[in-house]
Amino acid sequence: MATRGARRRGHGARDAWDGAHDHGDDANAASGAGGGRGVGSGSRRRSGDGSAGGGDASDPVGAATRAAEEALSKAGAGVDGDGKPRYDIIGLLDRTSAKLKASGGTLQALGLAEQALSLKKTMYGADSDVVKEAARDVVRTCNAMAMERLGREDFEGCMAMLRRADAWCDPEVGVQCDDMRVLTLNNAACCHRRQGNLKSALRFLKRAADIGTSSMEVDNVSVTYLNLCAVLSQLGMHEKALEHAQSAVFHCQEELMAAKEAGKGGDHMVTLAIAYHNLAVELEYTSRRDMCLQWFKKALTLARTHAASNEALIDMFERSYRNAKKAAKNATGRVVASTAASGAGGRRRGSVASRASAASSQRGGDVRTGASSSSRARPASARAARRGDPLG
């Protein structure tokens, strides 16, 4: 189980992004399970949103810096002896960006916000609280725009915006914001998962977990483990999925206690309910049915208490709990009947376990109703895409 370690600064995530285009992996195995169309299905659209202000898509930070310098030059502002602009170009950029965003010009607003961020970084330094908050705003906007594109299956546009976000929270060229980087990596994994590229999604999630468990800035690492569990479950790697489900429960409990101590709200109890549910699913898949029922029940109890308005989630949890109880009852009945009939109890119990597993797998085939491990884990990803949190 992963735990938090010492905070590190050099979190280069290029290893995940550089290998993100192996579009063939798992596309067929996951078609219909990931909620999106495969990459080879012709569903991708080209997008030109990858760069700041229409500049170089591969270097949004550099593009924003050049645009900001050009704006300074046109304004005739120059700098004083301390390297600070004589004219409040930053304030102008911020105000104009806010007006554009309010009127629906989100992409143009983002370009101006990036220029303002570049100037703030030059003036105050990358470690300044002002700069970090500005960077978080830019990265959040990029992620929100990426998820909007993902919603309409513009996968290239989604990844372009996420690369743009990642550049700004890369400490080597932008501003170190580990929490925003984890958000971006999770959403990149979500995009790949929607396309059926499960191994690519796995790479992004492993990188997110590495950063999240080693940084004090990240306070919701549990959602990364929920997504790792979901992806591994779709790949059929249920023992590993179980390990990550246990990690998700552990980290979620830690985050819940930290939030209570800080007097913060949030939906940690709902996340914990999802973690309990995914743990139960993987316990069932690995034939620990005597243990899975208690976790299904805990998940349902928490959801009824803390997510009463989320009828779809509660309905899914109720259905999972009901089916698991039915499967456990049927398996027990078969064992008793076969033992009484033949006396070859050990051998017959083995066959019964196999048949019970087959029954469970048959239930698991109904991906769209939430009866499988893949779909049971989906609420975390779906919820993340809606609210922009790092849940892929």
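The secondary structure of the protein consists of 17 helices and zero strands. The model is predicted. Of the 392 residues in the protein, 52% are buried. The protein exposes about 17400 Å².

Helix H6 spans residues 129–151, and helix H7 spans residues 155–168. The two pack at an angle of about 170 degrees, with their axes 8 Å apart. Because angles over 145 degrees count as roughly antiparallel, H6 is roughly antiparallel to H7. Residues of H6 in this contact include Val138, Val139, Cys142, Met145 and Leu150. On the H7 side, the residues include Phe155, Met161, Leu162, Ala165 and Trp168. By class, the contact of H6 with H7 has 13 nonpolar, two polar and two charged residues.

Charged pairs were considered next. Side chains of opposite charge can pair when their charged atoms come close. The count comes to 15 salt bridges. One of them joins Arg136 and Asp179, with the closest N and O atoms 3.0 Å apart. This pair links distant parts of the chain. Arg136 is in helix H6, whereas Asp179 is in helix H8 (residues 178–195), 43 residues apart. Both Arg136 and Asp179 are buried.

Arg136 also forms a salt bridge with Glu217, at 3.8 Å from N to O. Glu217 lies in the loop between helix H9 (198–212) and helix H10 (222–234), while Arg136 lies in helix H6, so this pair ties together parts that are 81 residues apart in sequence. Arg136 has a relative accessibility of 15% and so counts as buried, since the cut-off for buried is under 20%. Glu217 is buried as well, with a relative accessible area of 18%.

The side chains of Arg181 and Asp166 meet at 2.9 Å, N to O. Arg181 lies in helix H8 and Asp166 in helix H7, so the pair ties together parts that are 15 residues apart in sequence. Arg181 is buried, with a relative accessible area of 0%. Asp166, at 0% relative accessibility, also counts as buried. Elsewhere, salt bridges that share partners join Lys132, Arg136, Asp179 and Glu217 into one network.

Note on methods
Residues are numbered from 1 along each chain as its sequence is written. This is a predicted model: local features need pLDDT of at least 70, side-chain atom pairs count only at pLDDT 80 or more; totals for chains, interfaces and linings use all residues. Side-chain values use heavy atoms; hydrogens and water are left out. Helices (H or I, at least four residues) and strands (E, at least two) are DSSP runs, numbered from the N terminus. Buried means under 20% relative accessible area, exposed over 50%, partly exposed in between (1.4 Å probe, protein chains only). Accessible areas come from the Shrake-Rupley method with a 1.4 Å probe; for residues, only the protein chains shown count as cover. Axes are lines fitted to C-alpha atoms, for helices over the stretch in contact, and angles run from 0 to 180 degrees between N-to-C directions. Angles under 35 degrees count as roughly parallel, over 145 as roughly antiparallel, 65 to 115 as roughly perpendicular and the rest as oblique. Contact means heavy atoms within 4.5 Å. Ala, Val, Leu, Ile, Met, Phe, Trp, Tyr, Cys and Pro count as nonpolar, Asp, Glu, Lys and Arg as charged, and the others, Gly among them, as polar. A salt bridge is a side-chain nitrogen of Lys or Arg within 4 Å of a carboxyl oxygen of Asp or Glu.
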